[in-house]
Amino acid sequence: MRQWITKIDGMGCDIHMLAEIREDGKTWKLIEECPCVSCDGTGKRTQGPPGDQKLVDCHWCDGIGVRKVKRAKSNEDYNEHPHPYTGQNYRLFSILAGVRRYDDDVEPVYPPRGIPEDACRYIKEAWKEEEGDGHTPSYLNVHEIEQAFVVRHGLLVEEHVQEEAKKDREWCKDFLDGTLKKLLLPIAEQIGKENVRIVFWFDN
Ligand SMILES: [Zn+2]
């Protein structure tokens, strides 16, 4: 069976995603606070073996339920970025950018396009920090994210469409129900789908 999601001691391919909005139709600005997707914004996570689970502070957001910009205090610390999504989800990576794509999967609807020239300074600097390790940078606005799924399903081989579309929804549930529905779409309803976008790249 295909294994789309893997997490082995932090190895494998990770996505580095940030989100931007363009309220005046001209200048892109970073979304500086994102609900923590690791704990669904609650600040708590369950830990321990089944039957002996404890509720502990989510270490991704220090128990506050949001991820925001945190500058490194020393050279040994890392800058903490407000990531709207952090899963190691190869099916999603394939849909967004063709990264970790299986041979029999369709090409991504939007081939990777690099970091946008008009990206906010924060994103340009974050990308520069990771140049060398980072690869396949791209971006998609909310309309394009939706199209990436819809158009893809039209491209899939006929008899597999329903089955694969269902799998997309299942496997990408955390991104579709969390990042897209809870964070990006509510803002897009206010200022337009073309004025909200994700910018991302990958490592390894
Ligand atoms: Zn959290």
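The legends below describe several views of one predicted protein chain.

**View 1. Overall fold of the protein chain.** The model is predicted: local features need pLDDT of at least 70, side-chain atom pairs count only at pLDDT 80 or more, and totals for chains, interfaces and linings use all residues. Residues are numbered from 1 along each chain as its sequence is written. The protein chain holds 5 helices and 8 strands, where helices (H or I, at least four residues) and strands (E, at least two) are DSSP runs numbered from the N terminus. Their order along the sequence is β-β-β-β-β-β-α-α-β-α-α-α-β. The radius of gyration, taken over C-alpha atoms, is 17 Å, close to the 17 Å from the globule rule (2.2 Å times the number of residues to the power 0.38) for 204 residues, so the protein chain is as compact as a globular protein of that length.

View 2. Strand E4 (residues 44-47) and strand E5 (residues 54-57) run antiparallel and are joined by 4 bridges; two strands pair if DSSP finds at least two bridges between them. Threonine 46 has leucine 55 in E5 as its bridge partner. Between the strands of this hairpin lie 6 residues, and glycine 48 takes a positive phi near 110 degrees.

**View 3. Residues 1-9.** Here pLDDT (the predictor's confidence in each residue, from 0 to 100) stays under 50. The model has 12 contacts beyond four places in sequence for residues 1-9, a contact being two residues whose C-beta atoms, placed from the backbone, lie within 7 Å. The protein chain averages a pLDDT of 88, and 95% of the residues score at least 70.
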